[in-house]
Amino acid sequence: MQQADLLAHLRLARTDGIGPANYARLIQRHGSAEAALSRLPAHLQAADPKAIEREIAAVARLGGRFLFPGQLGYPPMLALLPDAPAALACLGDPAHLAVRAVAIVGARNASAAGRRIAETLAATLAEAGILVVSGLARGIDSAAHLGALRHGRTAAAVAGGLDQPYPPENAALQDRIAAEGCVLAEAPLGTAPLARHFPRRNRIVAGLALGVVVVEAAPRSGSLITARLALDYGRELYAVPGSPLDLRSQGSNDLIRQGAHLTETVDDILAHLPEAPHPVDLFRAAPAPAPTARDLPPEAPPASDEAAQVLALLGSSPVAVDDLLRRCHLSPSRVQAILLDLELAGRLETSPGPRVALRPPVSPGA
């Protein structure tokens with residue numbers, strides 16, 4: 001990719017209020033990132049080109065590169081997601097992401113037995129030529145990465161920037177994965193791995209793999225969010241059984257009750273591993289456990305409720321975007337994303353100020 005194209009794609013991806021879905025829609029509508037930037041609505045301000053140039057240079061100094069949907073090197077499995085990341089910073093060789101992959105996730109405070117199972121499963125999968133994916137967290141994630149590195153490749157998706165290894169004691173492991181496999185980050189450099197970033201990282205872990213194996217997961221854990229996402233994306237779901245007396249096994253045992261493949265050895269995984277994701281409408285016959293409100297970030301209510309808040313404040317008379325931001329109980333970037341959704345759907349008009357108004361409906365006889 002030429003430097004000008006790289007700059008345009010990353011500026012568009014980093015613009016507040018765009019988001020993965022609107023990034024793809026803008027590229028499709030206008031044909032290129034540069035054209036999309038020149039036609040952004042008035043209520044959106046494109047990311048500062050100087051800041052983006054500094055980020056590109058900093059990632060290059062780390063030995064990394066950027067991957068964008070539709071461009072060479074972007075993970076093909078991830079590209080199937082409806083909310084595929086608009087930009088990924090990558091350390092290592094993205095070619096490793098083009099092979100069949102299985103994700104292994106689980107408890108951070110994993111038992112010694114749980115870590116041993118995760119490491120053994122990962123090692124045997126890697127030996128069979130399967131890429132092992134995980135999130136580089138403590139416990140099961142770390143064991144899975146280490147097991148895979150014994151016989152093959154592994155890929156890690158991190159919640160913060162590539163320059164913010166987390167947990168800190170896994171910095172050397174991240175470097176090793178980058179040298180022998182691949183490390184991916186959706187967040188810009190300098191982004192701390194805060195709790196609200198982990199669900200977004202979880203969707204990358206689930207999206208990269210044909211199947212997700214859960215080893216030790218307490219109820220309402222992040223691993224169960226990854227399991228739910230796997231089913232949402234039509235991926236296979238596996239769970240390792242554990243003692244009913246151990247809280248760390250209650251979530252994974254519940255997955256088995258709800259239809260996940262009971263997994264004790266790698267043969268249980270390979271016997272059910274498809275060549276491609278299942279059609280989502282067929283796979284939903286065995287639904288994943290839906291997370292409760294406590295499982296999700298507190299700032300992420302359902303999208304329909306968010307849009308309703310904004311729509312309730314809009315009418316045929318233009319209103320200043322600043323007024324909307326003050327009156328909505330939503331973040332500025334979320335309000336801007338909703339406004340962009342409405343504009344792309346043909347329901348919103350923008351005018352200088354910036355001001356916005358609902359577009360009058362077209363009568364059937366018009």
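Reply: Axes are lines fitted to C-alpha atoms, for helices over the stretch in contact, and angles run from 0 to 180 degrees between N-to-C directions. Helices (H or I, at least four residues) and strands (E, at least two) are DSSP runs, numbered from the N terminus. On those terms, helix α5 (residues 112-127) and helix α6 (residues 140-151) pack at an angle of about 35 degrees, their axes being 7 Å apart. This is a predicted model in which local features need pLDDT of at least 70 and side-chain atom pairs count only at pLDDT 80 or more, while totals for chains, interfaces and linings use all residues. Residues are numbered from 1 along each chain as its sequence is written, and side-chain values use heavy atoms, with hydrogens and water left out.

Me: What makes up the contact of α5 with α6, by class?

Reply: Contact means heavy atoms within 4.5 Å. From α5 come Gly114, Arg115, Ala118, Glu119, Ala122, Ala123, Ala126 and Glu127, and from α6 Ile140, Ala143, Ala144, Gly147, Ala148, Arg150 and His151. Ala, Val, Leu, Ile, Met, Phe, Trp, Tyr, Cys and Pro count as nonpolar, Asp, Glu, Lys and Arg as charged, and the others, Gly among them, as polar. The contact therefore divides into 8 nonpolar, 3 polar and 4 charged residues.

Me: Why is α1 called roughly perpendicular to α4?

Reply: Helix α1 (residues 3-14) packs on helix α4 (residues 49-61) at an angle of about 110 degrees, with the axes 10 Å apart. Roughly perpendicular covers 65 to 115 degrees, against under 35 for roughly parallel, over 145 for roughly antiparallel and oblique for the rest. The angle lies in that range, so α1 is roughly perpendicular to α4. Gln3, Leu6, Leu7, Leu10, Arg11 and Arg14 of α1 meet Pro49, Ile52, Glu53, Glu55 and Ile56 of α4.

Me: How do you know whether Leu12 is buried or exposed?

Reply: Buried means under 20% relative accessible area, exposed over 50%, and partly exposed in between (1.4 Å probe, protein chains only). Leu12 has a relative accessible area of 0%, so this residue is buried. Leu12 belongs to helix α1. Beyond neighbours within four places in sequence, Leu12 is in contact with Ile18, Tyr23, Leu26, Ile27, Ala33, Ala36, Leu37 and Leu40.

Me: Why is helix α8 described as largely enclosed?

Reply: Of the 11 residues of α8 (residues 198-208), 9 are buried, so the rest of the structure largely encloses this helix. Among the buried ones are Phe198, Ile204, Val205 and Leu208.

Me: What makes β5 a covered strand?

Reply: In strand β5 (residues 154-158), 5 of 5 residues are buried. Thr154, Ala156 and Val158 lie on one side and Ala155 and Ala157 on the other, and both faces are covered.

Me: Why are β1 and β9 said to stand at the edges?

Reply: Two strands pair if DSSP finds at least two bridges between them. The open sheet of 9 strands runs β1-β2-β6-β5-β4-β3-β7-β8-β9, with mixed pairing. Strands β1 (64-67) and β9 (261-262) each have a single partner strand, so one side of each lacks a neighbour in the sheet.
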